[in-house]
Amino acid sequence: MRSRAPAVLLAAALTAFTARPAVPAHAADIAVNPGFESGLTGWTCSHAETVTSPVHGGTQALRATPQGDDLARCEQTITVQPDTAYRLSAWVHGSYVFLGATGDGVDASTWASPGAAWTQLTTSFTTGPATTSVTVHLNGWYGQGPYLADDVELDGPGGGDPQEDTQPPTVPGNVTVGRATASSLDVSWSASSDDTGVARYEVSRDGDAPTAVTGTRFTATGLAPRTSYAFRVRACDAAGNCSPYSGPVTGTTTDAGGGGSELPERVMVGYLHASFANGSGYIRMSDVPDEWDVIQLAFGEPTSVTSGDIRFNRCPASECPGVEPEPEFIAAIKAKQAQGKKVLLSIGGQNGQVQLTTTAARDAFVGSVSAIIDTYGLDGLDIDFEGHSLYLNPGDTDLGHPTTPVIVNLISALKTLKSRYGDDFMLTMAPETFFVQLGHQFYGPGPNGTADNRSGAYLPVIHALRDDLTLLHVQDYNSGPIMGLDGQYHTMGGHDFHIAMTDMLLAGFPIAGDPANVFPPLRQDQVAIGLPASPNAGNGFTTVSEVHKAFDCLAKGSGCGSYRPRGVYPDLRGLMAWSINWDAFNGKEFSREHRAYLDALT
């Protein structure tokens, strides 16, 4: 009969396992699948599984449960070099857990009972003159509960002749910070190449010691809200050769309670014809289908192009039979919000030209928009400036420091509104490709003053508001051919167009072909694909199958056509449609088919 060993007895029992202090001769994690991101691959385990929560790093951790005489041991044998110092560590959680290494002349171990907090166990050893391999192990203790382990590191050179492989892998590319929460940031990158194969990647946050990862994604957890963190990634092979680190990329955690963080993982955004019918029929707010997560009220429009005074006039009964009374409309908004939906005011559209040419117009914009938001209790604002609302003056070429008044005043107004309403205030944008992706070729009037001064004019606005932006859903329709990052022109209506246009937002691109003037990539969770909901809704309608093909390519890296994106974007946020009304007119094909597809994504 086994009894529970009190902590003092465990400590005494482990005295014999204490290894002599050592410092690794070559800092490189040579453990296979150290973060259990590939399940139990590389490990031999009993009564063990991988879990997705809680984890210390990445997306999975080991969970093992002792049963009777079985201590739930998990181990792997690793080739090492003789007469060499190694450092062994692991992050552990839960009940009693032991970490150790054994081999010819090697017997090192340490333990802890960490409880609910992740704790790092560390020990070290030096191999003997004939040691060529060690067995690294984790296990629990008799009669104790389950333990968890993650991010195991055996730092030191791999076995064999170190001269056999001296070529490091290539530097990881397209390093991107994706989904952000109040306490975590997702980092992803493109795979490196190596003559003998990449064994792992190492992610360093703010210059700290790296965390080893076997895949091309990493989730940094335990972060502070509203805080920026910088990440660098390098690739290492089995011989311990590591590439240089990538350049740093920065991400910012959200506030603990706002910024659209309550949105689902995959969103459906739809515009509701609230001020006109447009031939598609009127839909009461209470009748908006549940498939839509974000409802954009179309449209708020100015009293004149340069006044900045925005008004939201609901559709008259003469144009929209069945329109509900104002109190019923407001009550329906509140009911949608109680269901977790977000309702925003969209400003602009095809007919709503807004030019904030003066500070007086800027201030009128802030005051009038605030009044509408307060009257209807809305969740935020959507900027759908089209036509001649935005443009760049000659010489305004610095993305981070625009000088054109309509740009400067719009940025100031939006920052004021965000500050006034706080972190829960949602900000979305729905520009046309002409104002965004065309900026890869043309930016404003150009050096000769002969280009259209509206080319790429949304870019400085998006860039200035990127930390406040909830969603960007560029209209991938009503567009001419646009050059992608592959140097080829892409035409709307097929999956390649959406892949190429979205890739530009998530990989970043040189502005007007200037490698020294780059629009940086947005976070994956900030981007949705904008589409017509039916053939009647706009030029460039894309069939359901083609949309799914585009999303599969972008989010999974599968089923891509002629255009190959610069990375895989698993956190691509969702789809936007013009419009809820046109979708209903078309038998709700868009909301029905795409909602089911998005919900099924893993």
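Which elements do the buried residues of α2 pack against? I looked this up in the model, which is a predicted one. The buried residues of α2 pack against β19 (294–302), β21 (342–349) and α3.

Next I listed those residues by name. Phe329, Ile330, Ala332, Ile333 and Lys336 are the ones I found buried in α2. They sit on the same side of α2, because the arc they cover around the axis is only 160°. I then turned to the face pointing away from this buried side, and there I noted the exposed residues Pro327 and Ala338.

I also checked the length of α2, which runs over residues 326–338. Its 13 residues, at 1.5 Å a residue, should span 18 Å, and the end C-alpha atoms lie 19 Å apart, so the two values agree. Just after α2 I came upon Gly340, with a positive phi of about 95°.

The crossing of α3 past α4 is right-handed.

For the contact itself, I wrote down the residues on each side. From α3 come Thr359, Arg362, Phe365, Val366, Val369, Ser370, Ile373 and Asp374. They meet Asn409, Ser412, Ala413, Leu414, Thr416, Leu417, Arg420 and Tyr421 in α4. Sorted by kind, the residues of this contact come out as eight nonpolar, five polar and three charged.

Terms used. Residues are numbered from 1 along each chain as its sequence is written. This is a predicted model: local features need pLDDT of at least 70, side-chain atom pairs count only at pLDDT 80 or more; totals for chains, interfaces and linings use all residues. Side-chain values use heavy atoms; hydrogens and water are left out. A crossing is left-handed if the near helix is turned anticlockwise from the far one by less than a right angle, and right-handed if clockwise. Helices (H or I, at least four residues) and strands (E, at least two) are DSSP runs, numbered from the N terminus. Contact means heavy atoms within 4.5 Å. Ala, Val, Leu, Ile, Met, Phe, Trp, Tyr, Cys and Pro count as nonpolar, Asp, Glu, Lys and Arg as charged, and the others, Gly among them, as polar. The expected span of a helix is 1.5 Å times one less than its number of residues. Buried means under 20% relative accessible area, exposed over 50%, partly exposed in between (1.4 Å probe, protein chains only). The arc is that of the directions from the helix axis to the C-beta atoms.
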